[in-house]
Amino acid sequence: MDHTKSAAVFAQAQTLIPGGVNSPARAFGSVGGTPVVIDRAEGPWLFDVDGNRYLDYVLSWGPMILGHANERVSAALCRAVSRGTSYGAPTVMENKIAEQVRKMIPSIEKIRLVSSGTEATMSAIRLARGFTGRDKIIKFTGCYHGHSDALLVSAGSSAATLGVPNSPGVTAGAVADTIPVPYNDFQAVSEVFQAYGDRMAGVIVEPVVGNMGCVVPKPGFLELLRQKCDASGALLIFDEVMTGFRVARGGAQEYFGIRPDLTTLGKIIGGGLPVGAYGGRADVMDAVLPAGKVFQAGTLSGNPLATAAGYETLRVIDQTADFYPRVASAMSRLGAGLEEAAAAAGIHARFTGIGAMGTLFFPPAGREAPSCWAEASACDTRLFARYFHAMLDRGIYLPCSQFEALFTSIEHTDEFVDMTVAAAREVFRSLKD
Ligand code: KE4
């Protein structure tokens with residue numbers, strides 16, 4: 001593939017933007033090489049500035065579950081933009097998207113819109129602390145909840161990929177009340193609650209982790225968190241920025257049948273535009289200014305364009321028969337095919353997938369798919385890098401890190417999934433040679 005124009009654009013980007021990217025996950029940091037510069041996208045396809053076409057399994061890191069340039073979402077945006085782009089005042093659309101979210105995720109009795117997942121999780125833990133009057137927050141090692149100081153502790157995603165799970169610039173004071181605990185570690189959770197119970201404001205968790213790669217909760221783990229929060233008066237916060245509307249129509253909380261006190265959302269709720277949200281129990285949410293005293297604000301929160309795109313996205317999902325069976329079966333078909341392709345070449349790989357998200361891991365010989373960060377970080381990232389580039393050369397655009405999840409959209413038909421598996425068969429054979 002010719003990448004001449006991508007290379008030139010990225011070289012200029014590096015003179016203007018740190019690392020040439022506006023988010024480090026895009027920098028190919030752990031796989032090496034130069035990112036391809038995207039010119040446009042349509043359906044499941046990306047097209048780079050050199051005219052190369054890729055089957056997209058990143059989907060903007062999750063939002064594009066309808067595929068790119070969905071006609072209804074684009075039309076909704078055109079209607080919205082003709083009425084102005086931002087008012088900084090209440091609008092009907094904010095009520096519509098709030099009602100739509102509540103219909104799909106009933107635990108969200110009240111919601112506050114913000115402009116990113118980071119804002120959503122930062123605000124949710126401030127609310128948990130303000131509502132309970134307590135300080136301590138549990139987060140799980142390898143989970144990523146955006147880049148607010150208090151949550152940049154043992155963080156996953158690009159923080160882990162690029163070796164800064166505890167970033168410089170985050171002060172000891174900022175994280176003094178954040179307690180990192182290994183994911184799926186029942187005993188560690190019980191010990192921390194034993195030690196801090198009546199000082200615990202909340203637990204924030206990715207109910208299915210995307211940011212170590214896809215890691216699922218062990219049976220009973222989420223139930224344990226619910227029980228410990230109920231017993232101590234702490235709030236259970238499901239960070240569903242990635243899993244919301246992806247793992248199931250009602251997110252991971254519907255899939256596992258666990259009702260959190262607060263939920264954070266992002267990605268799909270914006271349909272590709274900047275929308276984040278936090279919401280949950282009405283009594284808790286009514287502690288947020290101006291109903292209550294917990295401060296949070298945002299110039300572009302509930303922006304008319306962003307809410308129009310998000311609302312239409314959720315409506316298309318809601319009105320599409322068998323939406324989740326289709327996106328989930330694409331993921332399971334892909335996972336089975338990738339594992340089989342690796343095994344046929346004698347390469348040890350394990351796929352974890354749930355709903356429309358998943359990851360192919362390269363664990364040490366004899367090991368199963370990871371259940372926590374210690375196991376995920378033992379995977380063969382060098383082999384992953386070779387697999388990533390060989391697939392990219394064959395027009396398959398995977399997330400550029402072993403510690404990210406890949407995603408399917410409603411546009412990822414069996415034909416496209418089978419194309420991907422066929423490319424993987426060639427790649428794994430070549431990697432063994
Ligand atoms: P944003 O601030 O990037 O909108 O959301 C932060 C966030 C919060 N919670 C979860 C579970 C998330 O996955 C994220 C962001 N996810 C990463 C990908 N793993 C976004 C990609 C990026 O950082 O560029």
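Modeller: A polar contact is a pair of N or O atoms within 3.5 Å of each other. This is a predicted model, in which local features need pLDDT of at least 70 and side-chain atom pairs count only at pLDDT 80 or more, while totals for chains, interfaces and linings use all residues. Residues are numbered from 1 along each chain as its sequence is written, and side-chain values use heavy atoms, with hydrogens and water left out.

With that in hand, we can begin at the ligand. An N or O atom in the side chain of Ser 23 is 2.6 Å from an oxygen atom of the ligand, and for the side chain of Thr 118 the corresponding distance to a ligand oxygen is 2.7 Å. Gly 117 takes part through its backbone instead, with an N or O atom 3.0 Å from an oxygen atom of the ligand. The protein covers 88% of the 540 Å² of accessible area (Shrake-Rupley method, 1.4 Å probe) that the ligand has on its own. Counting every residue with a heavy atom within 4 Å, there are 17 residues around the ligand, and the closest are Ser 23, Thr 118, Asn 211, Asp 239 and Glu 404. This shell is made up of five nonpolar, eight polar and four charged residues, where Gly counts as polar. At least three of its residues come from each of two domains, domain 1 (4-69 + 321-432) and domain 2 (71-319), whose bounds come from an automatic or database assignment.

Strands here are DSSP runs of E with at least two residues, helices are runs of H or I with at least four, and two strands pair if DSSP finds at least two bridges between them.

Strand β2 runs antiparallel to β1, to which four bridges join it, and Arg 40 stands opposite Phe 47 in β2. On the other pairing, three bridges join β2 (residues 45-48) to β3 (residues 53-56), again in antiparallel fashion; here Phe 47 stands opposite Arg 53, while Trp 45 stands opposite Leu 55. In a regular strand the side chains alternate between the two faces of the sheet. In β2, Trp 45 and Phe 47 lie on one side, Leu 46 and Asp 48 lie on the other, and all four are buried (under 20% relative accessible area; exposed is over 50%, partly exposed in between), which leaves both faces covered.

The turns that link these strands also deserve a look. The hairpin of β1 and β2 has two residues between the strands, and in it Gly 43 takes a positive phi near 60°, whereas the hairpin of β2 and β3 has four residues between the strands, with Gly 51 at a positive phi near 90°. Further along, in the loop between β3 and α2 (71-81), we find Ala 69, whose phi near 55° is a positive value in a residue other than glycine. Ala 69 counts as partly exposed, at 47% relative accessibility. Most residues other than glycine have a negative phi.

How values were computed
Polar contact = N/O pair within 3.5 Å; in protein donor to acceptor, adjacent residues only side chain to side chain. Buried < 20%, exposed > 50% of the residue type's maximum accessible area, 1.4 Å probe, protein only.
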